[in-house]
Amino acid sequence: MNHVIRLTSEGYSYHTFELKWNPSGHVFYQTRNFLHSVSAHDQFYPLNQYGDDRYFCGVLRDYGIRIYLTKTRNKYVVKLIVNPRRLIDPEASYLGIMQPDSESFELLEQVFTDCMRRVRMPEFLDDWTLSRMDLCVNIFWNKKRASHELIRLMRKEPTPAGYQRNQFKKTAVSGNRKKRQRKKFAHILKFSNDSIALVVYDKRYQMIREKLERPSEELPKSILRVELQCERKWIRRYAGKNKLQSTCGLLTSLASNSRDLIFQYASKLYNGGDYCKAKVLSKMIKEAPEIRKKSQKHMLTLAEALGKTENMEKALKKAALSQKQYRTCLQHFAALDLNFIPLKEDYYIDRVPSLLKILQLLENDKTEIRLQNSKGRPRKKHLVFFEN
């Protein structure tokens with residue numbers, strides 16, 4: 001059976017975005033009181049754990065909008081966290097993301113205005129400030145374990161300069177609870193700084209774990225979600241660079257550039273090439289006459305160490321390579337279009353593309369990557385990647 005990798009039908013687009021509004025104190029409390037009056041008993045409550053004068057309102061939750069009200073020392077803030085796909089279709093699956101076409105955006109604007117009129121808050125998107133936007137893409141693979149294995153490989157990548165790895169809370173837990181926590185974190189990888197984050201996670205695992213499946217929904221065998229989380233600081237720089245002043249202009253510009261931006265940051269944070277099993281990796285390195293024998297030995301030593309350790313830091317220590325030798329190895333791996341992290345020996349295929357290569361090849365939802373034996377006959381209308 002062929003191993004197929006493709007995008008889901010929305011292609012590159014966006015998912016959650018956040019909007020903020022700063023009313024006067026009088027209007028803030030007027031809004032809070034009205035929201036309280038139109039909410040059911042379990043839809044409005046204070047968030048006392050975060051301090052006084054903080055509230056949550058879920059009166060629009062069925063439309064994919066969560067409302068947070070906060071009084072800080074200097075200002076009053078109303079924040080909306082919006083799931084645009086569910087805003088225009090409350091029955092939509094949590095798997096899907098926003099359709100990137102102009103018709104869907106027009107519908108989004110209309111339904112948003114209708115919702116805001118119901119709760120007596122600013123009616124138009126341009127009345128709000130965009131404070132965060134998550135650009136994303138869903139990558140489908142018709143084989144189980146595929147997303148998990150790709151994340152396992154990517155977790156061995158070195159932490160890029162200027163970024164932090166997985167900012168998830170480490171709680172003092174033990175026993176079965178600790179095992180469950182470790183399992184959860186094994187399905188997600190995040191690199192971030194104070195303005196942007198790239199998150200890669202197993203969407204199928206998340207939906208099953210959090211019981212997000214819709215009635216009678218059949219989930220794909222494997223879905224990898226790649227999400228570029230753009231924070232307010234980054235959005236302000238983007239708006240200035242592109243001379244964008246309106247919230248609608250920002251939303252549409254970011255959506256239309258989703259693929260380029262995701263690929264831009266994936267290129268900064270991850271290495272490309274193909275992941276191979278050790279025997280394939282060894283064969284291709286040894287058959288590269290342009291690489292000196294000594295460098296070949298260093299490359300094989302690095303790959304072997306990465307196969308036996310959890311991360312690059314431990315692998316470099318085990319391989320006993322200098323920084324210069326390490327950089328030379330990376331240059332040779334890149335020239336061969338290979339990744340230095342080996343696949344597991346018991347994986348069901350000998351060679352798979354890295355995330356970076358998948359993003360390079362999959363331009364939209366009309367293209368596919370088919371992984372198959374070299375004796376197989378590829379379908380010409382698809383992009384094809386051969387397994388050795």
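Rings of Phe, Tyr and Trp (its six-membered ring) count as a pair if their centres lie within 6.5 Å; planes under 30 degrees apart are stacked, over 60 edge-to-face, and the rest tilted. By this rule the structure holds 14 aromatic pairs. The model is predicted, so that local features need pLDDT of at least 70 and side-chain atom pairs pLDDT 80 or more, while totals for chains, interfaces and linings use all residues. Residues are numbered from 1 along each chain as its sequence is written, and side-chain values use heavy atoms, without hydrogens and water.

Q: What makes Trp234 and Tyr238 a stacked pair?
A: The ring centres of Trp234 and Tyr238 are 5.2 Å apart, with 15° between the planes.

Q: Why is Trp234 called buried?
A: Buried means under 20% relative accessible area, exposed over 50%, and partly exposed in between (1.4 Å probe, protein chains only). Trp234 has a relative accessible area of 6% and is therefore buried.

Q: Why does Tyr238 count as buried?
A: Tyr238 counts as buried because its relative accessibility is 9%, against the limit of under 20%.

Q: What makes Lys79 a charge over the ring of Tyr68?
A: The rule asks for NZ of Lys or CZ of Arg within 6 Å of the ring centre and within 35 degrees of the ring normal. Lys79 lies over the face of Tyr68, at 5.5 Å from the ring centre. Lys143 lies over the face of Tyr348, also at 5.5 Å from the ring centre.
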